[in-house]
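Subject: Handover of a structure

Dear colleague,

I am handing over to you the structure shown below. Please keep it open while you read the notes that come after it.

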Amino acid sequence: MSADNRAGNVSVPLRNLLNSIQCIRDRVRDGESNESDGAFNLSNFWDTMNQAVKAASQEATKLSLAFSKPPLPSQPDVEKLSESTLKSVLTLSTVYYWLPKSQGVTLRRQVRDATVEVLDGVARLVEVLLSSPLQSLSQEQLTSTGGAWSACDQFARLPRDNKAAVLVVLSVQIGVVKDAIEEIEQALSEAQDPFNDVLDDDQDGDDPRGNQDTYWSERDRRVIGPLQGLMKAAAACLRKLTSAVKANGGLIAPQDVAQLDDLADISKDISPGIDDLALCLYPPMDYSGVDSNVSKLAALLKKVLDIIRSSHVCGESELTWVQFLDGAVDHNLQKAKDLLQQNS
């Protein structure tokens with residue numbers, strides 16, 4: 001049999017394997033869990049999931065090694081490898097479906113995304129094997145094999161329950177909000193009005209100050225002050241909420257699990273709200289955009305604080321900072337609105 005014919009024969013089971021993995025991946029991405037009335041053991045779930053992930057990693061390794069050097073594996077060998085690889089990814093997806101939403105939507109999303117990454121990684125490896133010359137180990141094959149391993153390895157770092165999953169979401173949001181605040185502070189410290197010491201900001205007549213699109217006026221900076229205060233209140237809210245979830249987050253009562261999901265979902269709206277406001281601040285400042293987005297961000301923070309206040313993570317000590325931040329939001333919003341009206 002010629003090398004071309006042999007390559008064509010081994011590509012058939014690989015193509016079938018790729019199509020199957022892609023179908024499984026799409027179902028996992030869009031499918032629902034199998035809710036059960038029976039007791040669910042989260043510890044047993046993770047033991048079985050870790051075994052399934054390990055098996056998927058091992059099958060990816062076997063598949064890659066089979067095509068790492070000549071001669072090409074025979075068609076029966078490739079069919080056998082494809083069958084065992086497909087079995088491993090089917091098992092992985094099946095175990096994922098065991099995880100019910102009652103264990104927490106936030107946890108389930110993170111497990112789903114990690115499962116999809118493994119399926120994507122194995123599919124990418126098969127794609128490379130189909131498209132590469134099947135005589136030598138290519139850099140692309142090494143990279144795709146490493147990608148499949150990396151996707152499997154991340155399961156060891158996944159949160160093990162919904163409380164931990166919510167804390168992951170909050171940690172990400174804190175980082176994003178912190179970066180946005182620091183970016184504005186850095187820009188304010190660097191951007192100087194080149195004519196600040198020479199000309200008065202309220203000078204009438206033609207503007208002799210060059211291109212004001214490149215710097216903030218003193219008037220702009222006054223408006224930015226309370227906006228920074230609102231952003232910092234958002235950051236403080238996320239930090240305090242993280243501490244409250246760590247201390248009080250419940251995993252037993254269904255309503256507690258659902259409240260943790262609600263807190264995670266609403267917190268994910270904060271960073272986009274801050275980004276929308278921040279984009280309006282850069283010179284030339286978009287006062288209309290600032291007016292609209294500061295109201296939206298303040299309303300969002302008030303909603304977040306209301307959800308925290310009514311949730312099980314809010315005890316007597318938490319109520320103190322919830323009320324303080326609620327007042328801080330009102331104060332900074334009103335101050336910003338007053339300054340915006342002066343500039344209209």
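This is a predicted model: local features need pLDDT of at least 70, side-chain atom pairs count only at pLDDT 80 or more; totals for chains, interfaces and linings use all residues.

Helix α9 (residues 270-281) takes part in both of the contacts described here. With helix α7 (residues 218-248), the axes come within 11 Å and cross at roughly 165 degrees. Angles over 145 degrees count as roughly antiparallel, and α7 and α9 are therefore roughly antiparallel to each other. Their crossing is left-handed. On the α7 side the contact is formed by L227, M231, A234 and L238, and on the α9 side by I270, I274, L277, A278 and L281. This contact has 9 nonpolar residues, with no polar and no charged ones.

Helix α10 (residues 287-309) packs with α9 at an angle of about 160 degrees, the axes being 9 Å apart. That makes α9 roughly antiparallel to α10. The crossing of α9 and α10 is left-handed. From α9, the contact involves I270, G273, I274, D276, L277, C280 and L281; from α10, it involves G289, V290, N293, V294, L297, L300, L301 and V304. By class, the contact of α9 with α10 has 11 nonpolar, 3 polar and 1 charged residues.

With kind regards

Conventions. Residues are numbered from 1 along each chain as its sequence is written. Side-chain values use heavy atoms; hydrogens and water are left out. Axes are lines fitted to C-alpha atoms, for helices over the stretch in contact, and angles run from 0 to 180 degrees between N-to-C directions. Helices (H or I, at least four residues) and strands (E, at least two) are DSSP runs, numbered from the N terminus. Angles under 35 degrees count as roughly parallel, over 145 as roughly antiparallel, 65 to 115 as roughly perpendicular and the rest as oblique. A crossing is left-handed if the near helix is turned anticlockwise from the far one by less than a right angle, and right-handed if clockwise. Contact means heavy atoms within 4.5 Å. Ala, Val, Leu, Ile, Met, Phe, Trp, Tyr, Cys and Pro count as nonpolar, Asp, Glu, Lys and Arg as charged, and the others, Gly among them, as polar.
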